[in-house]
Amino acid sequence: VTYKTSIQPIVSLQDGDNSVQCCILSNTVCKLMYNPNAIRSFILTCQPTVRQPPTIIKQSLKDHVVDPRDNMVVECEAKGTPHPIFSWRRNGKYFNVARDPQASMRRRSGTLDIYAWADPEAYEGEYQCVATNEYGTAYSNKINLRISRAPLWPREVLEPVTVSVGLPLVLDCSPPPGPPKPETYWMSKYRRVSMGVNGDLYFSNVYVNDSATDYCCNARFPYKNIIQQKMPITVRVLTTRMVSEAAPTFLSPAGRSSSQTVLQGEELLLECIAAGVPTPVITWTKDGEELDTTNMKVKNYNKLLQIPKATFEDSGEYMCTATNKIGYLEHTITVRIKAAPFWLEKPSNLVLAPEENARLVCRSDGIPRPSIRWFINGDTIEDATPVPNREVSGDTITFRSVTVANTGVYQCNASNQYGYLFANAYINVLHATPRILRPRTDLVKVIEGRRAWLDCQHVYDALLSCVCVLHSNGTLQIRGTRMDDQGTYLCIVSNVAGRDENQVKLEVKESTKILKRPENMRVLRGTDVRLECKAQHDPTVAVTTTWLKNKQFLIIGWRLSLDESTLVITNVNRGDEGNYTCIIKTELDKNTASARLVVMDRPDPPTNLQLSDPFERSVRLTWTPGDSNHSPIKEYLVQYDDDDWLPFKWRNLSTYPGNLNSVILQLSPFIIYEFRVIAINDIGMSKPSRSSANFQTGGAPPDAIPKNIQGVGTWRNNMMISWEALNNREWNGPHLKYLVWWKRRDSREEWKNATTWWCKYYIYDTDTFTPYEIKVQAVNDFGMGPESPVIIGYSGEDRPTAAPLNLRVSRIEATKVTVHWDPVARSSIMGELKEYKLRWLSVSRAMKSKAFPASGPRLSGVLPGLIPYSNYKMYIVVANNRYEGHPSNTIEFSTPEGTPSAPRSFRIQQRHLDTIWVDWDTPAEPNGIVTGYILKYQTVNATQGEELRVEEFPPNTTSFAVRRYDRYTRYRFTIAAQTRIGVGEWYTEESPHYTTEGITLQFNHAYAREQVDLSTQGWVIGVMCAVALFVLILLVVCFIKRSRGGKYPGTKKNRQQDSSISPEKASEQNSAPLS
């Protein structure tokens, strides 16, 4: 079906038994039915057209800015029956569009198109659209058409701006005015430097590094979305004066007080920019109380208060206070809120029947209160034809027993000095037969307990038992429906011209209820979450479950799943945080339940690190805190990196409470720093912030004192003064040097000094081992640091000139001796007495030494580790830190006898099956004259009653034979040597288990301890059995060969040739050379 109509039609199909029987095309005016089986295939049924005065439905803004390069469009759309005719007024006069070659109106519309590319400014002005039909005239707002201007700065040469360091500075912007008004910004904005509301750049105080040649003001024009840049401004900062601290003064606004008036609903901007050194801090109060910032924004380091939509509660006295350590200054801004007219009750269109009463209300308010003027069809109501049943009273027009003569469009204008309101409302008096536009049968479904609305012009049924309300438009409202309200309702519409009726069926369903609602949760990142949502609903309707997150539908994925109606989120992260809403929905109703999921995590890193208020040893660091992620920030860790040639080696500087975001850092002078900040909460530490800009502290004299100062001589006539170098952070300035001071101790001579770059300094031509007083201090270009404490150093040492006297020994023992000597004179040591060193010549002819510390007038010591029964020679020398003196007298002495060590090479042998033979060698260390040997032996498996046998031998006997009872008897032998002093070290050994005659085993001391009896090992017995079996088989084979004739491989001829070789030939062959 192809259709064309000004009212959108509705197409529906009616089903027959096997095929489509009828197609219906309808709208609110006509219905077209097509039946291919009928004789009259098309039937068109139309209701009479309802007349309607014109109504403005679309228009341009009151302040309409257009681009002259494009087609200038002023919109005006209206509806009415019949369709209205459009015209325009310009600057209060009729605008003949038809005669203007550069303007035209669109078809069936009042929209105005202007093609004024040559002279667009000629079309600027105030336009008003007029829509008229035979039942009235409607007017649009007065539209102020303005042409956007070219946003260009003049190409001017700007003189350089010269200012002394520490003084305030204002750089002018003055962007093109527009329209529309541009947005301005500068590239440099921080706590000390900020942009004002008027676009100028304010410096609270000027630093040396503010000198630049590229200060540019930029303007963005939102209408054309382009950016224009002013010519660069050059700023030169003079350093001829010292920076002195100054109390705050206001740069904007000037003076101690000011006032500001703003309209209700418009943006309110309050600004306070102050100068001073250090940079002042701005605080605000309102009417003497602390400022409530709930509905406002504080920007630009507290210098700007922004209230997006001002209300009457925002009026009052705002006081801004600028404070630094020198003083403070206050400025009071009185804010007055005015209001352009705004609607309290806007007049609405009325469709009336004859003899009805009505009224039009145009109620508005504003400051000051607006005045009301009424118009009818564009003419003032005072100039219109008087009508007896119409009465005008201020903002209300009252109609009594209306007639067709009251039909028309009424305009209301409410205005004061700040603006106006304009509205159209028509009165349409109709006399027509009633009808019901809804289908003849209708089904209404409603949830139990809800209101039911049955639309109709009138309702008549005296037997209704429900709680119902009959509205003036004929709609039947049933409040709090119950199950027994189900049934069929009859709607009757009637007037004097006729009647119509319709039946409406009402079904009542159970409401949907959520039994288990999701709960608010606070969880750690990485955990799993279940948001439960269980519901009960009417069983006759279908139900669906949907989840929203922050009012957006959730997409079920690999981490998000549904367990029936429960939402399961695994491994939650920061992105899962938000408000979750469960929607249980049927075709009639829905129920929702919401819960907030909060994901706790480590805080976000701080941002926007700024440095200000620089001083010699400090700077202020300010940052913007990152999101705490629902776990309060406990503290901030400030780290620094300096110029120590190890980049990205961050060190901890200090920690600060979590409620601070601006701190003063105590630093070392003359170091280039950069900083970063880490936020810490109960969950953990944030990632480090981006590093700040580099900052170099001023120079100062050194604070540190050189450490570990020493004065020692490296030769007999010099002294080396040394100390530990200061690290880079202790320099405090460039060109670090060391100033060395010295003088003789206990002398009246003046201090001598020298400057060096190194960590040591040599003094020459000194006396030997002379004490000096020494001190060292660090020096740089800014001055001298503190002096170190005075220490005592000594010049070089020389060889001692005297030798110890009267060296002697006493209490000579076998392994040690006591040594005595007389000390040397202190003056002969030629240095610091370090020790006495004893040297002796041992039996091995090797020189050995031992040092003894000096103590007391008569000295002695014990010399251990001597060998008994040995001769020794010894002498002693005195030593200082560098040299040893001459040797003393040499003495000789002998140590007495001692006990010997164990005999060497103890051996156990079996020479016969019934005899064990043992022998040994003399001790390695006899420690005297060996007088004999003692041998103890006993069987290994001896009983407790068996006697231990002891044999003594002279020194020339080193063997012994023991007869044993049987071949399986084993003995444990213990042997020692002796001198006249006593018995020496014992050695113990056990005899092995002998099984074969003639086998002799010899053991040394280490090897014998590790031996076992091989005759008892299983593998030995197996090998011996295998060998015996192999020998037996070999004998049998040989016997068999011999019994067959004893023939061997080889021919008779070969054997004869072999036997004919003489000894001489054999010798010749043996002597032939090899080839």
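Mentor: Before we start, buried means under 20% relative accessible area, exposed means over 50%, and partly exposed is in between, using a 1.4 Å probe and protein chains only. This is a predicted model, where local features need pLDDT of at least 70, side-chain atom pairs count only at pLDDT 80 or more, and totals for chains, interfaces and linings use all residues. Residues are numbered from 1 along each chain as its sequence is written, and side-chain values use heavy atoms, with hydrogens and water left out.

Trainee: Okay! Is Cys 272 buried or exposed?

Mentor: Cys 272 is buried, at 0% relative accessibility. Cys 320 is buried too, with a relative accessible area of 0%.

Trainee: How far apart are the sulfur atoms of Cys 272 and Cys 320?

Mentor: They sit 1.8 Å apart and form a disulfide, meaning a pair of cysteine sulfur atoms within 2.5 Å.

Trainee: And which parts does that pair tie together?

Mentor: Cys 272 is in the loop between strand S27 (268-271) and strand S28 (273-277), while Cys 320 is in strand S33 (residues 316-323), so the link joins parts 48 residues apart in sequence. Strands here are DSSP runs (E, at least two residues), numbered from the N terminus.

Trainee: How many disulfides are there?

Mentor: The count comes to 5. One of them links Cys 76 and Cys 129, with sulfur atoms 2.0 Å apart.

Trainee: What about Cys 362 and Cys 412, left-handed or right-handed?

Mentor: Left-handed, because the torsion about the S-S bond is about -55 degrees.

Trainee: New topic: where does Cys 1038 fall, buried or exposed or partly exposed?

Mentor: Cys 1038 counts as partly exposed, at 46% relative accessibility. Cys 759 is also partly exposed, at 28%.

Note on methods. Helices (H or I, at least four residues) and strands (E, at least two) are DSSP runs, numbered from the N terminus.
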